Amino acid sequence: MPQLPEVDSILDSLKSTASKIVKTDITNIRGFSERQVRMLAQHARWIAEAEAKGEFAKDPKLRDWFLTGLEDMTKSFVMTLRGLLRVTIEKLWNALVDALWKVIDTAAGFKLPRPV
Amino acid sequence: MVAVPLSSMIFTPKDRQRTAFFGRIIVLAALLAGCAIRLAPSYDAVIVAGLTKANEQAMTVFAAVSEGVAAGTFAEREPLYNEAIGTADATRLLADARPNPPTANLIKVKASDPQGEGVKEPMAPSPLILGNVVQTLTRMREVDRAGGLSASLAKGFKQRFEILMDQVLTYEKALQR
C-alpha cells in the first residue's frame with residue numbers, strides 16, 4: 001500500500017523547491033539592476049560633461065535626443081525588470097505544481113496522467 | 001442477529017482514512033489540472049543568435065570610431081553601420097513576430113491614462129528595446145556621415161548601445177527556463 005505523506009514533509013519539499021528558484025533568480029536580477037543603474041548613471045554624467053565641453057554646440061537637438069533616450073532607457077529597464085520577475089513567478093508556480101503532482105503520484109503509488 | 005452497515009463490514013477505519021485522503025487528493029488534482037502557467041514568451045535561440053551577431057557588428061563599428069573620426073572618412077565605415085543596423089532590425093522583427101502566451105492577456109499594465117484610452121504594456125520588452133538599438137545606430141550613422149564623430153560622442157553612443165543591449169540580452173537569456 002502506498003505511504004501517505006506527512007503534511008510537514010510536503011511543506012518542506014515545497015519550501016526547498018521554491019527557495020532554490022528564488023535564490024538563483026533574485027541573484028541574477030539583483031546583478032542586472034546594479035549594472036543597469038550604474039550604466040545609466042554613467043551615461044547621465046557623460047551627457048552633462050559633453051554639454052559642458054560644447055559637444056552639442058553645433059547640434060543641440062542631439063543633446064535632447066540623448067536626454068530623451070536616457071528617459072526611454074530608464075523605462076525599458078523597469079519593463080525588463082518586470083519581465084524578469086514574471087519569468088521567476090512562472091518558474092516558481094510551475095515547479096510548485098510539479099512538486100504537488102509528485103506527492104500525488106507517490107500517494108497514489110503510480111504516475112497519474114498530467115493534463116495536456 | 002445484529003444489522004451491521006455494509007460499509008463498516010467492507011471498510012475498516014484505516015480504509016476510511018485512506019479513502020478520505022485520496023478523495024482530497026483527487027479534488028486537489030482536479031484543481032491543479034491545467035494549472036501550469038506561462039507568463040512569458042518562449043526562448044528563441046535564433047533571436048539570441050541575432051542579438052549576439054548585432055552586438056559583435058556594432059562593437060566593430062565602435063572600435064573603428066573610438067578615437068574619433070574625421071568628416072570625409074565615412075564611406076569606409078558605411079558598410080559596417082549598415083550590417084549592424086540590418087541585423088538589429090531583422091532581430092527586432094523576429095522578436096515582434098514571436099507569439100505571446102495566452103495568459104499574457106490577463107496581465108496588462110495600464111499606464112496613467114488621462115484620455116481614458118488605456119495602454120497595454122507589451123509582454124516582452126525586446127522589440128521596443130531593439131527598436132531603440134536600431135535608432136541609436138542609425139542616428140550615429142547620420143552624425144558620422146554629416147561631420148565625423150569626436151571620441152566623446154563615440155563614447156556616448158556606445159554607452160547608450162550597451163545599456164540597451166544589456167537589457168535585451170539579459171531578458172532573452174532568462175527566457176531559457
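Is F77(A) buried or exposed? At 10% relative accessibility, F77(A) counts as buried, because the cut-off for that class is under 20% relative accessible area. The model behind this value is predicted.

**Around F77(A)**

F77(A) sits in helix 2 of chain A. Leaving out residues up to four places away in sequence, F77(A) touches F32(A), S33(A), Q36(A), V37(A) and L40(A), as well as Q167(B). That list therefore includes a residue of chain B, with contact taken as heavy atoms within 4.5 Å. L40(A) is 37 residues away from F77(A) along the chain, yet their C-alpha atoms are separated by 9.6 Å.

**Chain A**

Chain A holds two helices and zero strands. Its C-alpha trace spans about 85 × 25 × 15 Å along the principal axes. The radius of gyration is 25 Å, whereas a compact globule of 116 residues would have one near 13 Å. Contacts in chain A reach along the sequence: among those between residues at least 6 apart, 66% join residues at least 24 apart. Charge is also worth a look. Chain A carries 18 positive and 15 negative charges, and their mean positions are 2 Å apart.

**Chain B**

Chain B has six helices and zero strands. Read from the N terminus, its elements run α-α-α-α-α-α. Among contacts between residues at least 6 apart in sequence, 82% join residues at least 24 apart.

| Chain | Buried residues | Accessible surface | Carbon and sulfur share of surface |
|---|---|---|---|
| Chain A | 36% of 116 residues | about 7100 Å² | 62% |
| Chain B | 40% of 177 residues | about 9600 Å² | 59% |

**The largest nonpolar core**

Which residues touch the most other members of the largest nonpolar core? They are F66(A), L149(B) and F157(B), in a core of 52 residues. Helix 6 of chain B gives the largest share, 10 residues.

L149(B) shows what such a position looks like. Beyond residues up to four places away in sequence, L149(B) touches V65(B), G68(B), V69(B), Y81(B), M140(B), V143(B), D144(B) and F157(B). One of these, F157(B), is also among the residues that touch the most other core members.

S152(B) lies in helix 6 of chain B. With a relative accessible area of 12%, S152(B) is buried. What does S152(B) touch, not counting residues up to four places away in sequence? The partners are W46(A), A50(A), K53(A) and E55(A).

S126(B) belongs to helix 5 of chain B. Its relative accessibility is 1%, so S126(B) counts as buried. Leaving aside neighbours within four places in sequence, S126(B) is in contact with A95(B), R98(B), V168(B), Y171(B) and E172(B).

S126(B) has partners in chain B, while S152(B) has partners in chain A.

Note on methods:
Residues are numbered from 1 along each chain as its sequence is written. Chains are lettered from A and ligands numbered from 1 in the order in which they are written. This is a predicted model: local features need pLDDT of at least 70, side-chain atom pairs count only at pLDDT 80 or more; totals for chains, interfaces and linings use all residues. Side-chain values use heavy atoms; hydrogens and water are left out. A nonpolar core is a set of buried Ala, Val, Leu, Ile, Met, Phe, Trp, Tyr and Cys residues joined through side-chain atoms within 4.5 Å. Buried means under 20% relative accessible area, exposed over 50%, partly exposed in between (1.4 Å probe, protein chains only). Helices (H or I, at least four residues) and strands (E, at least two) are DSSP runs, numbered from the N terminus. The radius of gyration is taken over C-alpha atoms; the globule rule is 2.2 Å times the number of residues to the power 0.38. Accessible areas come from the Shrake-Rupley method with a 1.4 Å probe; for residues, only the protein chains shown count as cover. Lys and Arg count as positive and Asp and Glu as negative; His and the chain ends are not counted. The place of a charge is taken as NZ of Lys, CZ of Arg, CG of Asp or CD of Glu.
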